[in-house]
There are 2 protein chains.
Amino acid sequence: MTSVEDKGSRKAKPESRSPQTLPETPDTAVAGKLKTLLDGPWAEVKDNIREQLNREEALPMIEGSLEEIRAALLEKVKMVATSGMMQTAFSKANGGSGESHVGILGLDLLGQFNGSLAIKSGVQFGLWGGAVDVLGTERHREYAQGAMDLSKLGSYGMTERGHGSNVQDLETTATYDPETKEFVINTPSPSATKVYIGNTARDGRWSAVFAQLYTPGVEESHGVHCFVVRIREEDGSPVEGVTIGDHGHKGGLLGVDNGTLTFDNVRIPREALLNQFGDVDEEGNYTSPIDSKNRRFFTMLGTLIRGRIAVGAAGAGATKSSLAIAMKYAHQRRQFDYGDTGTEDKLIDYRAHRRRLIIPLARTYAIQVLQNQLTQRYADQTSRQATGEWSVTNPTKQQALASREMETLAAAFKAVATEHATDTIQECREACGGAGFMSENLLTTYRADTDVYNTFEGDNTVLLQLAGKNLLTAYTSELANPSAMDIVKFAATNVSDIIRSRAGLGSTVQSVVDTFSGEEASLFDADYQLKVVQLREQLVMRSLIRRIQGARKLSREEGAKVIDKAQDHMLNAAWAYIENLMVQAMIEAERTLPVGSAERAVFEQVRHLFVFDTIIRNAGWYQEQNVLSSGRVKAARAAINDLVDSLGPWSEVLVDAFDIPSVVLDRPLFKDGGTDDSRDNPEAWKVGSNIPVSKK
Amino acid sequence: MTSVEDKGSRKAKPESRSPQTLPETPDTAVAGKLKTLLDGPWAEVKDNIREQLNREEALPMIEGSLEEIRAALLEKVKMVATSGMMQTAFSKANGGSGESHVGILGLDLLGQFNGSLAIKSGVQFGLWGGAVDVLGTERHREYAQGAMDLSKLGSYGMTERGHGSNVQDLETTATYDPETKEFVINTPSPSATKVYIGNTARDGRWSAVFAQLYTPGVEESHGVHCFVVRIREEDGSPVEGVTIGDHGHKGGLLGVDNGTLTFDNVRIPREALLNQFGDVDEEGNYTSPIDSKNRRFFTMLGTLIRGRIAVGAAGAGATKSSLAIAMKYAHQRRQFDYGDTGTEDKLIDYRAHRRRLIIPLARTYAIQVLQNQLTQRYADQTSRQATGEWSVTNPTKQQALASREMETLAAAFKAVATEHATDTIQECREACGGAGFMSENLLTTYRADTDVYNTFEGDNTVLLQLAGKNLLTAYTSELANPSAMDIVKFAATNVSDIIRSRAGLGSTVQSVVDTFSGEEASLFDADYQLKVVQLREQLVMRSLIRRIQGARKLSREEGAKVIDKAQDHMLNAAWAYIENLMVQAMIEAERTLPVGSAERAVFEQVRHLFVFDTIIRNAGWYQEQNVLSSGRVKAARAAINDLVDSLGPWSEVLVDAFDIPSVVLDRPLFKDGGTDDSRDNPEAWKVGSNIPVSKK
């Protein structure tokens, strides 16, 4: 792929095996082929929900009082309940299909329509419903079924004001009173207030409350456990002893009624403890099928794993809708006449515009194929657990490691997908200019709603550090919540374990090579690309270990300082890890397409674009570490320009492959006089915000 | 500056003259010293407005219907009018002080309180008022004074649906009818609809409408001119022939009533033409004191120059408020206990947190000192124009070049300041976690309001290209609106002019050196830093010229393609240009501080941090071009970590220097149970969104 632009400028080394520029006229049939790939094995369930929700009512309500917007959202959640999709994720015992992973697919699709709808549904079915379904037992069936049929609206009472991401140190207490056979739920201080709890300020009648469990005669807490607590009477007034606050207006997700909860020695029956992994008998004796307190804690937090993947998926859903809107606009809207041709050019005809949309589009593809692999793995794990082949309470060592790896994957995936959502939706908004800022065109609402995805269900920075720590401790479950010095000591003595443990998700791609001398290979070779990103992952990890090992002879405090100073390094390690997995996923996805087909040729260029963008994001590092020569990096930079030019005419096909429901794409900006079809069309006077006002 | 962290990791080359780590206990008096520097020569006017506006009512209204929020905003604008600040920017002839630059200071300060207030005030006083003040003559005095005292609310009717940033090709027509001595204002097609016009959907009674001017017997338009058009009767109903649309809900700036305007052959008196730079006599003869149509157009667009700097300043204002909130929160809020010390650490104690806030803080300082230089230059230019020393209509060649340079500076400054606002406010929001997402803490409103700054008053991408083109054409006013081939031809023959024309704003800093062999110099030397960024600017420009020169033998269409493909290169040139000016401004500002003083020591580290961050943003390029060795880049990377560690304890002092009004900083997140002072304080139960609801 060589182009006129290099003439006259210092030439980058030409690359062999560079793909041909794609035909200028795209083959629209490719969209269907790529849709099949992106939908993965779940095309049917996705198409079903696309069709059922393809109604104006699924979109966010923009104007109105908070009360109106919240009331409208509850009706929309009822639409989702009617579709039946989210209920299939419940266990068979509770009347579901045991397809837990459908919760992930669901949030991706709901996120394409409406962030508030995705999140409120996620709270009701996935968090409140998921907690009673997974942590509860037979005696909690009525709650699971109430969550499914909406007869019991509930919330997930985990986060406390003083302890956002630090769940293990929650302050709320649940103290067993053998006299009355009740638990007493109490909020000891303002910092123990449950905050940001969705489905609480207006609608919730119940909450799955996480609290430190105390039993008589045992001084120490048995750790955080989950309890079903009634918070409102049927008439909507708070239960005695429960104080409910309203967070009011937020920066997004306006329909979701986030609120606060405090408990003044509220008494609940002993059976309200969700007792799958820990129970208290009538006398107050505590028992658990899991001996390790640490492992028990992380097992109970299992609902968070799915929640994190699902939040990432909801962010990806909004990203796809936004890219579809902005890309279609770029193919219709004209602006300026740089070409001196007498007609203004389309936005997509500008190199800068192609770069701003097609580069994030390629990354969106990579996130989607990784999400598919993760979802598949999650589905496999939960189905093996359902059959008993995989014991949740007493897993094999390999299963325990795989669980920690799943936690790591979910954390890193959530961070990469939600950060990408924030960046990309903003870019889409700007790419649509003033029209992008009008709420009727949805982009600003996607942007505002997805913003908080970066910090809820685990703050991205904290999650990336969690991933980095898991990588450093080789997923050892004994170190589920390692202190700084635990990490230092482990890293000092288990280097090879750590390096070996970095697993891939796929199967067809060769594992990492230790030596690397690829200057004769082509930048466009998949194997070479994989080696480049794997080598980065490995080198970042090795230097991180070296850096930390230096602390093993220091005091606890000094050692902790070293860990703190390695924070950005740990974050880099997590990024390198997840980007490596995305590259693998792209290569594997490409190999499922027929050799020689148009869809494969297009997908290959998307893969190149994603890989080169990933390399250029770290262009400084690659040269500092002598992994890539300056010529190589220049060649990657030049190739990005060639690729966006080649993919330009195909970029609408690429967003069509997302199969975004038509109601989402039916936006005023396509009809109001700003695009080719509408400029001189008298009907354009009467669209969207063109509608006149008589008097103001 | 060496630190424990480097032990065990591959060591970067040690740098001489690295500054000492600052004392762990900050000297709070430094905040006042730095405030003096940042306020520049305008401390008095700024302090005055800080005090006058320091009231709850200046903050944005968050909840309510659009009508309520808009009505409330109009009252807030009246507060601003009462303060008298914005009126001083009007010419003395109209009763102002002729201090045009106060419009820039004003938007910075208003932006610290409330984006909607900044923008609606900017429209009323700066755009509508500025247009009649600058483009009008004696006969338009009543409009200027009506703009100042709010008796005439008005708007700036420039943007059209089909021509966002392409003002020269506006479609609205103003045709002179000598029979009635009137102009006929007409909207010929939907794409000619005036859109996104602030102060229009609800409040405006008047508009400064930009339209192609036609006179009898002359086929071609005399170019875009500005007319005062009444759009509403006193009772609020639209004037006959004027259709007003309402954009309704937007992604931000909710209080600003943006609307659309279309004109169905609306007749206005001949005198409604703002005739400073072009007039039509009763018979319909057109005259202008400016011969060149191109220069006439750009002279009339002069109001945009100030508007662009002011929008950048408004973005910087919101950025400063956001950083102050997030930084103070980081100094109070505790989270986790990585240090194994038994108490959770403050957020600012985490390296990752220091990086995410202090690095953008350093860039905010750089933007502020550049803004001060720009404002000073703008003030000098306008005061010389007011005395007649500088003729607006017949400038000397040097003055004409300086005007084009001012246009370039304004465009690039607006782009860099608003992009930085978007990124930084988002980072601040995330750094405050869930609390950052609650509207009561203001961050999401700053974020939503400033979003559109990236695309209005000129889309940032378009502005950066404008800057790039101006650089490429060496500010030649004959090429005010060059075609692609004009640029190619100019670049092919005027290389040395182009390279020489890149000017600085300051005086004390030595000009660029052509040769560069600085490996023996220290990274921490100001001269060295300046050379590094200047060399980047120069090399990017040289290679851009080379690339474009290759097109001079091609056809017009082929040549235009080459220009299109150089788009990202042109954007890079504009970035390199403005970053160079920021580095210069930082060095010059530092030299005004007493040698050996604490404030100078602190400021110096802020300068280093900004410079190294700028280098690392382009780390790939610096190595690809062999400008910096990998060791140097590594050293800069390591120094960034040392600098955020050193500045960590001082970072609250650094935001205190912004002197953000106390009403802005009086946010619930400091009192509601999430920070040190509030955790166990019973009053914290009753703050902000903790306030209970009784029934829902």
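Visitor: Before we look at this predicted model, what is a nonpolar core?
Guide: Take the buried residues of the types Ala, Val, Leu, Ile, Met, Phe, Trp, Tyr and Cys. Where they are joined through side-chain atoms within 4.5 Å, the set is called a nonpolar core.

Visitor: How many residues does the largest nonpolar core have?
Guide: Happy to show you around! Those with the most contacts inside this core include B:Leu34, B:Tyr365, B:Ile578 and B:Phe612. The largest nonpolar core has 193 residues.

Visitor: Which helix gives the largest share of this core?
Guide: The helix in question belongs to chain B and spans residues 302–330. With 16 residues in the core, the largest share comes from helix 8.

Visitor: Which residues does B:Ile578 touch, leaving out those up to four places away in sequence?
Guide: B:Ile578 is among the residues with the most contacts inside the largest core. Its partners beyond four places in sequence are B:Leu370, B:Leu409, B:Ala412, B:Phe413 and B:Val416.

Visitor: How many residues does the second, separate core have?
Guide: Among its members are A:Tyr156, A:Ile325, A:Ala474 and A:Met570. This second core has 192 residues.

Visitor: What area do chain A and chain B bury between them?
Guide: The contact involves 124 residues of chain A and 125 residues of chain B. Carbon and sulfur atoms carry 50% of the buried area. The total is about 10,100 Å².

Visitor: How many salt bridges are there between chain A and chain B?
Guide: For one salt bridge, look at the side chains of B:Asp564 and A:Arg354, with N to O at 3.3 Å. Polar contacts across the interface link 52 residue pairs. On the side of chain A that touches chain B there are 31 nonpolar, 49 polar and 44 charged residues. The salt bridges between the two chains number 14.

Visitor: Is B:Ser151 buried or exposed?
Guide: B:Ser151 sits in the chain B loop between helix 6 (141–149) and strand 1 (154–157). Its side chain makes a polar contact with the side chain of B:Asp149 at 2.6 Å. Since exposed means over 50% relative accessible area, the 52% of B:Ser151 makes this residue exposed.

Visitor: Which helices of chain B do the buried residues of helix 17 of chain A pack against?
Guide: Helix 17 of chain A covers residues 556–565, and its buried residues include A:Gly559, A:Val562 and A:Ile563. Within chain A, the buried residues of helix 17 pack against helix 14, helix 16 and helix 18. From chain B, the partners are helix 9 (351–387) and helix 21 (630–647).

Key
Residues numbered from 1 in each chain as written. Chains lettered and ligands numbered in written order. Predicted model: local features only at pLDDT ≥ 70, side-chain atom pairs only at ≥ 80, totals over all residues. Heavy atoms only, no water. Buried < 20%, exposed > 50% of the residue type's maximum accessible area, 1.4 Å probe, protein only. Helix = DSSP H or I, 4+ residues; strand = E, 2+ residues; numbered from the N terminus. Contact = heavy atoms within 4.5 Å. Buried area = accessible area lost by both parts, 1.4 Å probe. Salt bridge = Lys/Arg side-chain N within 4 Å of Asp/Glu carboxyl O. Polar contact = N/O pair within 3.5 Å; in protein donor to acceptor, adjacent residues only side chain to side chain. Nonpolar A, V, L, I, M, F, W, Y, C, P; charged D, E, K, R; others polar.
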